[in-house]
Amino acid sequence: MRSHADEAVLSRTRSMVLRVRDRLRYSVAHAPARIAIAVYAVATLVFTVLLMLPVASADATRTPLPDAFFTAVSAVTVTGLTTVETGEHWSMFGQVVILIAIQTGALGVVTIALLLAMTVTRRLGVSGRVFAKESIGSGGTGDVRRLIRIVVVTTFTIEAALAVFLVPAFVVAEDSFWRGLWHGGFYSVSAFANAGFTSHSDGLEPFASNPFVLAPIAAGVFIGSFGFPVFLNLIHAKWTRRRWTLHTRLTLYTTIILLVLGAAAWAAFEWANPATVGSAPWWEKIGNAFFASTMMRSGGFAIVDMESSTATTMLLSDALMFVGGGSASTAGGIKVTTFAVLILAIAAEAKGTRTTSALGRRIPSSTLRLAISVVFLGATLVLVAAGLLTIVSEASLDRILFEVISAFATCGLSVGISAEVGTFGKYVLSALMLTGRVGPIVLASALALRQRQETFAFPEERPIIG
């Protein structure tokens, strides 16, 4: 028989569990963005602990906390920056942990948060549905379970399709079925996730002239940068162009324009650079240009040494990394639709029109204000982080700025700063990667949830601008 003391302990335990469950239910129903951040934080801590285990390193020693934490953050945020060589430092166990962390990031903080919400509450409140609408692009606030199922299935389907091409290519290149299977699977996930992690100690440079490896990886990065709202719309519209949303059209058109212009500019700046592609045949130069342009917006893979690039190319990379890819995609940055909306607003102002429009649709002023907020947030984070790194690093400002923008945009291209900035600098870049991944999503969702109808208006007066 249970004593009164045992009954009291059970009662208190049951009461505490119910309070925690009710608090969690309230949070996922009314503050899903907060839960999304918590999911990322917990995932980062779990993968940090796993990477600190001796079995995770190739020499069976414990990896220092700053390096393990940095790698975990980089993997979960699908960035690709590293302080240690992935193929050399980590054992097979460690690389599998990194791969799982990348897959977690590829599924996305929004999907994971909503899965948690539905698991705990069996339903979503209005805030959760609006969060889903703003974050993964649902056309309404209806069947969120179906949306998440499509996101998960789409992710695994595209990764499997990439593996079909990459596994045979690596089997031939490695002359080993098992190594080819491992590398093909690893790069399939890393490419679609726009993660930029490589399972080879010398990266992709040995495959610089192998189109059977580079083409699928570039395709995976390019498709992964579209974002789930685009995938959902294309599936719903059955690829009928007239049924594409404005977001889908802006994302696809802007992405293609940036790809072509970035490739042309990269080729022009690097064509005669002997340290990169100056001695290569013209067709390899063009191929390298398109590969580099794809990676500069968030892919993070490189087949040339970024430190050997010209200063102009590094400046071009800064701009493209800051823009990034599509909203709610595995890419980072301020997003191409944000960039497109700002360009359209500038064009409208130059023409003297009162409204901003694109492709037969008028863009609300609230969307323009949100775009300005996201850009200002990104620029502020980059400025603060670059300032902090100048304190602990003797590197030139252009190299620091490159690494900082790469971290904020979760791109992964590097000029070697990450391993040189010490413990403090590693934590600064880690915080920047986390903020760059969840910041724009949470900001956009929070502002969307806070919109309200005003019942009065102040008198209008224009301050002097410029």
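Visitor: What follows helix 15?
Guide: Gly352 does, and its phi is positive, near 80°. Helices here are DSSP runs (H or I, at least four residues), and strands are E runs of at least two, numbered from the N terminus. Keep in mind this is a predicted model: local features need pLDDT of at least 70, side-chain atom pairs count only at pLDDT 80 or more, and totals for chains, interfaces and linings use all residues. Residues are numbered from 1 along each chain as its sequence is written, and side-chain values use heavy atoms, without hydrogens and water.

Visitor: Which residues of helix 15 are buried?
Guide: Val336, Thr337, Thr338, Ala340, Val341, Ala345 and Ala348. Buried means under 20% relative accessible area, exposed over 50%, partly exposed in between (1.4 Å probe, protein chains only).

Visitor: And what do they pack against?
Guide: Among others, helix 12 (246-270), helix 13 (282-299) and strand 1 (356-358).

Visitor: Switching to helix 12, at what angle does helix 11 pack on it?
Guide: About 120°, with the axes 9 Å apart. Axes are lines fitted to C-alpha atoms, for helices over the stretch in contact, and angles run from 0 to 180 degrees between N-to-C directions.

Visitor: Which residues make that contact?
Guide: Pro229, Val230, Asn233 and Leu234 of helix 11, with His247, Thr248, Thr251 and Leu252 of helix 12. Contact means heavy atoms within 4.5 Å.

Visitor: Is Thr248 buried or exposed?
Guide: Thr248 is buried, at a relative accessible area of 0%. Not counting residues up to four places away in sequence, Thr248 touches Pro229, Val230, Asn233 and Leu234.
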